[in-house]
Structures are given as C-alpha cells and as structure tokens.
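Subject: Structure handover

Hello,

Here is the structure I promised to pass on. Please open it and keep it beside this email while you read.

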Amino acid sequence: MENCKQLPKHIGIIMDGNGRWAKERGLPRSLGHQEGAKNLKKLLYHMYERGIQYVSLYAFSTENFERNQKEVDFLMDLFVTLFHKELKSLKELGVKVVFSGRKAPLKEKVWNAMMELVDATKEGQKGVLNICLNYGGQYEIVDMVQKIARQVQEKQLKIEEITKEVVEQNLYQQLPPLDFVIRTSGERRTSNFMIYQAAYAEYYFPNIYFPDFQDSDFDEAILDFQNRNRRFGKNEADSRQAE
Ligand code: IPE
Ligand code: IPE
Ligand code: MG
C-alpha cells in the first residue's frame, strides 16, 4: 500500500558527515567532501527518477566560512569544478538549477560558475534543484525584511499590504514549502537550513554519513515519510470531532 501514498513534493537534504566519514578512515576531510560529491550525483538522479519535483540541498552555510581557510578554499574549488563538470548532465536530465544564499563574500569564479549553471539549465522541466550555498535561514529572513522595507520606503507597498504571500515572494526563491528534510550523519538540528520554508516539514535523521547514504536509504526515508501523519494543526482526517 505504501506506494499509493504521496511522495514529498519538495525535499531538503542537509548533506552532513563528510568530515567524520573521512576521519574514520584516517583520510583528510577533503576526501570526505569529494566522496560526498560523488554520492550526491548518484542520489540526485535517483530522486528525480523517483518523481521528486523540488530538491533543496544544503551545500555550504554562511557559518561554514568560519572553518579553516584550507577547507573553505577546497570546498569552493570543488563547487567550481562540479558546476562546470555537471552542467551538461544536469541540462540533459532537465533539472533547472537555482541558488539560495548571499553573494558576498563568494569569490568571482564561484559566482560565475553558479550563474553559468543557472543560465544553462533555465529551461529544465523535469524538476528544480535549489542549491543553498553561502546560505543561512536567518540571513534569508533579514534579506527578505530589507527587500520589503525598501519597497515600503519607495512607496511601492503599504505596511498593511505585507502579507504571508508578500513575505514568500521576497525570499531567495519561490518554491513550495518543504515537505521532508533529511539530515544525514546523526545530528539532529537544522543548522539554519530553510527555517521559514520548513515550518511544517517532517524531519528524518539517519545515522549515516552523507558519502554512505545510498539510494536504498533514500527509499527507506520516503517510506518513513509516507507513514507519517501530517496534520498541519488540524484534526486528524479520520478522528471524531471533540464533543
Ligand atoms: C558536510 O560535512 C559538508 C559541509 C558542511 C560543507 P561536514 O564537513 O560538516 O562533516 P562533519 O560534520 O564534520 O563530519
Ligand atoms: C550544516 O552542517 C551545513 C551543511 C551541511 C552544508 P554543519 O556541519 O556546518 O552544521 P553544524 O556545525 O554541525 O551545526
Ligand atoms: Mg557537519
């Protein structure tokens, strides 16, 4: 019966545990990131093949800039390499890539590689891939408030006209709400990932480092999601009204 139940429309993946994966093998953290990237490619194909329409990936948080310079530089170079390398296959897959996050202090080569990927995939119809890079949920809210305040200051909008819809139109991307967030590695926290969009998301915390997270683990996660009872604050569909 499971496969009769709904698939999540929008999935978030907090790809965590690359460093620990490498450490357990006596390898440098950079190799963990490389393995994570390899695994991601496989997983992405699987998710879109399974019919997921929107995927948001946490690739690099605003706070990750506080890591040591060597690791930050390695990750930035890895992003540039991957965006160039995967541009063609993402285009063929039909996935439209968008980014969420702040521009500064990203280096120009990183920003350019991001924009090239966005431009090359903009016609994609199969699904949307939202890559959160230099992303923080609290900063997204700050940036949204600034955008709206500017519209008010410029008299394009009245304060009373600020609604939930206006707030959502001023986030980084216009995407459906997150249904399901998977954080690998066993950590049970959001670490500033899409805190607005995840208001009613279901969370899943497998004890698996991201480089080891297989397609079958993803399928297991989906089964778990399909067995949850999402109520959105309402009565259960089959429950009797309180007397
Ligand atoms: C996630 O893996 C990747 C990024 C944050 C860029 P980590 O690097 O956080 O790996 P752990 O959590 O130290 O194992
Ligand atoms: C969250 O993981 C960011 C990404 C996966 C990109 P972190 O490893 O940075 O989060 P904390 O430090 O454990 O909260
Ligand atoms: Mg981590």
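Below are some notes on what was found in it.

First, the ground rules. This is a predicted model, in which local features need pLDDT of at least 70, side-chain atom pairs count only at pLDDT 80 or more, and totals for chains, interfaces and linings use all residues. Residues are numbered from 1 along each chain as its sequence is written, chains are lettered from A and ligands numbered from 1 in the order in which they are written, and side-chain values use heavy atoms, with hydrogens and water left out.

**Ligand 1**

Start with the surroundings of ligand 1. There are 13 residues around it. A residue counts here if one of its heavy atoms lies within 4 Å of the molecule. The closest are Asp16, Gly19, Arg20, Arg29 and Arg67.

Now look for polar contacts, which are pairs of N or O atoms within 3.5 Å. Within protein, one atom must be able to donate a hydrogen and the other to accept it, and residues adjacent in sequence count only if both atoms are side-chain atoms. The side chain of Asp16 has an N or O atom 2.8 Å from an oxygen atom of ligand 1. For Arg29, a polar side-chain atom lies 2.8 Å from an oxygen atom of ligand 1. For Arg67, the distance from a side-chain N or O atom to an oxygen atom of ligand 1 is 2.7 Å. On its own, ligand 1 has 370 Å² of accessible area, and the protein covers 87% of that. Accessible areas come from the Shrake-Rupley method with a 1.4 Å probe; for residues, only the protein chains shown count as cover.

**Ligand 2**

Which residues are around ligand 2? They include Ile14, Met15, Asp16, Tyr58, Phe60, Arg67, Arg183 and Arg189. Asp16 has a side-chain N or O atom 3.2 Å from an oxygen atom of ligand 2. In Arg183, a polar side-chain atom lies 3.2 Å from an oxygen atom of ligand 2. In Arg189, a side-chain N or O atom is 2.8 Å from an oxygen atom of ligand 2. The protein covers 78% of the 390 Å² of accessible area that ligand 2 has on its own.

**Aromatic pairs**

A pair of aromatic rings is described by the distance of the centres and the angle of the planes. Rings of Phe, Tyr and Trp (its six-membered ring) pair if their centres lie within 6.5 Å; planes under 30 degrees apart count as stacked, over 60 as edge-to-face and the rest as tilted. The count comes to 11 aromatic pairs. Phe79 and Phe83 are a stacked pair, because their ring centres are 6.0 Å apart and their planes are at 10°. Both sit in helix 3 (residues 69–93), four residues apart, so about one helical turn separates them. Helices (H or I, at least four residues) and strands (E, at least two) are DSSP runs, numbered from the N terminus.

Phe79 is buried at 8%, and Phe83 is buried at 7%.

Tyr200 and Phe232 make a tilted pair, with 5.4 Å centre to centre and 45° between the planes. Tyr200 is in the loop between strand 5 and strand 6 and Phe232 in the segment after helix 7 (215–226), so the pair ties together parts 32 residues apart in sequence. Tyr200 is partly exposed at 48%. Phe232 is partly exposed at 42%. Ring pairs also link Phe60, Phe65, Phe79, Phe83 and Phe99 into a cluster.

**Backbone points**

Phe232 has another feature: a positive phi of about 50°, although it is not a glycine. Asn134, also not a glycine, has a positive phi of about 55°. Asn134 is in strand 4 (residues 127–135) and is buried at 3% relative accessible area. A cis peptide bond joins Ala104 and Pro105, with omega about 0°. Pro105 lies in the loop between strand 3 (95–100) and helix 4 (108–121).

Best wishes

Technical notes. Buried < 20%, exposed > 50% of the residue type's maximum accessible area, 1.4 Å probe, protein only.
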